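Please read the points below with the model open beside you.

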Amino acid sequence: MIITEDQLKRIIDDRVRVQLEEQRNAKISRGWLQLRSEIADYCKSVSHCESDPVYSKVQNAIYLPIKYALKLGRIDEVRDDQIDRARQIFNVIKLIRSETAVNMRIR
């Protein structure tokens with residue numbers, strides 16, 4: 001069977017695409033996917049929708065401390081053994097924000 005140059009390119013492109021997709025999916029831990037979903041729900045509850053500028057500010061306010069504390073280059077590099085610490089940081093941020101909101105109402 002003779003393979004044309006175009007067929008060979010398509011085969012190579014398909015294999016590379018599949019490998020890159022597998023690598024990308026393998027690097028994101030299940031624990032982080034769950035926590036990331038919880039963070040997204042929280043951000044939505046604080047803002048009106050994902051396209052609201054407040055959403056991205058809230059998300060960054062949560063992601064940046066997690067990245068800093070866990071010494072990550074990208075937030076999706078959170079490993080399963082780091083999930084508890086990431087969740088603690090998220091909970092502290094929520095607590096501080098809720099306490100600030102209560103204090104603002106009292107004044």
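1. **A loop glutamine.** Leaving aside neighbours within four places in sequence, Gln82 is in contact with Leu70, Leu72 and Glu77. Contact here means heavy atoms within 4.5 Å. Gln82 sits in the loop between α3 and α4. Its relative accessible area is 9%, so Gln82 is buried. The cut-offs are under 20% relative accessible area for buried, over 50% for exposed, and partly exposed in between (1.4 Å probe, protein chains only).

2. **Ground rules.** This is a predicted model: local features need pLDDT of at least 70, side-chain atom pairs count only at pLDDT 80 or more, and totals for chains, interfaces and linings use all residues. Residues are numbered from 1 along each chain as its sequence is written, and side-chain values use heavy atoms, with hydrogens and water left out.

3. **The core.** The largest nonpolar core has 20 residues. Such a core is a set of buried Ala, Val, Leu, Ile, Met, Phe, Trp, Tyr and Cys residues joined through side-chain atoms within 4.5 Å. Which members touch the most others? They are Trp32, Ile39, Ile62, Ile66 and Val78. Helices α2, α3 and α4 each supply at least two residues of this core.

4. **Trp32 in detail.** Residues up to four places away in sequence are not counted here. With that limit, Trp32 touches Ile39, Tyr63, Ile75, Asp76, Val78, Asp80 and Ile83.

5. **Helix α3.** Helices (H or I, at least four residues) and strands (E, at least two) are DSSP runs, numbered from the N terminus. Helix α3 covers residues 53-70, 18 residues in total. The expected span is 1.5 Å times one less than the number of residues. That gives 26 Å for α3, and its end C-alpha atoms are 26 Å apart, which agrees. The buried residues in α3 are Tyr55, Val58, Gln59, Ile62, Tyr63, Ile66 and Leu70. Just after α3, Lys71 takes a positive phi of about 55°.

6. **Salt bridges.** Side chains of opposite charge can pair when their charged atoms come close. The rule used is a side-chain nitrogen of Lys or Arg within 4 Å of a carboxyl oxygen of Asp or Glu. By this rule there are six salt bridges.

7. **Asp76 and Arg36.** The closest N and O atoms of this salt bridge are 3.1 Å apart. Asp76 lies in the loop between α3 and α4 (83-106) and Arg36 in helix α2 (residues 30-46), so the pair ties together parts that are 40 residues apart in sequence. Is each partner buried or exposed? Asp76 is buried at 18% relative accessible area, while Arg36 is partly exposed at 29%.

8. **Two further pairs.** Lys9 bridges to Glu5, with closest N and O atoms 3.6 Å apart. The two are four residues apart in helix α1, so about one helical turn separates them. Lys9 is partly exposed at 46%; Glu5 is exposed at 58%. Asp81 bridges to Arg79 at 3.0 Å. Asp81 is exposed at 60%, and Arg79 is partly exposed at 44%.

9. **A nonpolar surface patch.** Met1, Ile3, Leu8, Ile11, Ile12, Val16 and Leu20 make a patch of about 710 Å². Patch members have over 30% relative accessible area and no salt bridge; like charges are joined within 9 Å, and nonpolar side chains (Val, Leu, Ile, Met, Phe, Trp, Tyr) within 5 Å. Areas come from the Shrake-Rupley method with a 1.4 Å probe; for residues, only the protein chains shown count as cover. Ile11 belongs to helix α1 (residues 5-27). Ile11 is partly exposed, at 35%.
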